[in-house]
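Welcome, and thanks for opening the viewer. Let's walk through the model together, one selection at a time.

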There are 2 protein chains.
Amino acid sequence: MTATVKKAGSARERLLAASDELFYSEGIHTVGIDRVLEKANVAKGSLYYNFAGGKDELVETYLANRHGVWKDTVERGISAQADPVRRILAVFDTLGELFSRPDFRGCAFMNAAAEARPDSVEMLAAERFRSWIHELFGELTSALDTREPDRLALQLVVLYDGATTTAQMDHTAAAAAVSREMAELLLSRASGPAAGG
Amino acid sequence: MTATVKKAGSARERLLAASDELFYSEGIHTVGIDRVLEKANVAKGSLYYNFAGGKDELVETYLANRHGVWKDTVERGISAQADPVRRILAVFDTLGELFSRPDFRGCAFMNAAAEARPDSVEMLAAERFRSWIHELFGELTSALDTREPDRLALQLVVLYDGATTTAQMDHTAAAAAVSREMAELLLSRASGPAAGG
DNA sequence: CAGGTTTTAGACAGACCTGTCTGATATGGT
DNA sequence: ACCATATCAGACAGGTCTGTCTAAAACCTG
């Protein structure tokens, strides 16, 4: 039964934990394998034993984990609400919690894309992430009784991106509240008076 | 020899032109000095003759130029309008033109910050850029007859950042129009009915 | 044309980075 | 106890990167 889950504390898990901290906080290109190995307390051979694809595969897994964790966090926040409008606003509340964390340094995928080559694993991961974001707001707005759900979804994506970027660049969690207010304004117009703009 | 197109300016100018193209399109860390030298058709010694500070100084100058050019472009767009509301919307129109350019790859300062160490020249340049952005929207909203100009300015910064990030990540210039519409909505509420939200 | 400035080509050092390889050593299931 | 799996330590090769240096050539400008 080698298919058992790797025990906590395995070289693989330590490598991924160290990668997550280092790649996210300092950037993928600026952090070398040796830094990860040292932080994880893992021998070099174990890296290539667990990740035959080398650094690329490590980066790919790091980003896939980030995607999964964030997706779960957002969806948990959404699922606590029943009202379609509140479900949308819950996304911005979750962003606010993210921005308040001391280690927040922006969106891992925006950062990865900023330093990535066109067909790299980073770019592919970023594209997957963006697909999910659009899918997310697409589904949330389609549950609304509004005239142009697609247009609204794109507006919300812009607010999501704006909140994240402003929070990162200006080191202020207030960006979440600001974008949430704008989202509320959009939603009150969309689901309020049937007269569209 | 290959000296046909060679004298298109001093070594310094050619270096800056090549830096601008390469650093912006591929990222600062991923582009080495040798790539810049080859593209600029400049000898290595000339780089250190013109930029004694090496790559750091080249990067610093590249970012300072980007800042200056963009500032001028935005301010030119603003100055073509007299009405305070239109002056604000002009910023988003200018963004739309930027996004439509085939070489658009996001905000040079957001990208630089994503791959930069805390006290690097990139970070300092990014901070200067952010100061200017806030100053810009601060001045534009203070010319408005509205109750909370500072709050409005922050909202506009979020819209500016959201437009830029969405345009980059999703390769769509539509982000400018979307954010412009949201800005219009905010401005119509701010300068319209005196009742604040 | 004389002399300081600018540019060129390329070798070189020193640092870092990824990935490979070897061989010893735990670890865990049966 | 056995044996495959997993991990360790570290040397090593090959690549890239920044920055220095030399010595010659081109460019201005007075």
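Predicted model: local features only at pLDDT ≥ 70, side-chain atom pairs only at ≥ 80, totals over all residues.

His171(B) is not a glycine, yet its phi is positive, at about 50°. Colour by accessibility and His171(B) comes out as exposed, with 66% relative accessibility.

Now hop to chain A and select Asn41(A), in the loop between helix 2 (33-40) and helix 3 (44-50). Asn41(A) is exposed, its relative accessible area being 63%.

Next, show both chains and look at where they meet. Chain A brings 36 residues to the contact and chain B brings 37. Together they bury about 3,200 Å², and 66% of that comes from carbon and sulfur atoms. Select Ala114(A), Val158(A) and Met169(A): these supply 18% of the area that chain A buries against chain B, more than any other three residues.

Four salt bridges are found across the interface of chain A and chain B, and 13 residue pairs are in polar contact.

Finally, select helices 6 (108-114), 7 (121-142), 8 (149-170) and 9 (174-191) of chain A; each gives at least two residues to the side that touches chain B. Helix 8 of chain A has the largest share, 13 residues. Coloured by type, that side of chain A shows 16 nonpolar, nine polar and eleven charged residues.

How values were computed:
Residues numbered from 1 in each chain as written. Chains lettered and ligands numbered in written order. Heavy atoms only, no water. Contact = heavy atoms within 4.5 Å. Buried area = accessible area lost by both parts, 1.4 Å probe. Salt bridge = Lys/Arg side-chain N within 4 Å of Asp/Glu carboxyl O. Polar contact = N/O pair within 3.5 Å; in protein donor to acceptor, adjacent residues only side chain to side chain. Helix = DSSP H or I, 4+ residues; strand = E, 2+ residues; numbered from the N terminus. Nonpolar A, V, L, I, M, F, W, Y, C, P; charged D, E, K, R; others polar. Buried < 20%, exposed > 50% of the residue type's maximum accessible area, 1.4 Å probe, protein only.
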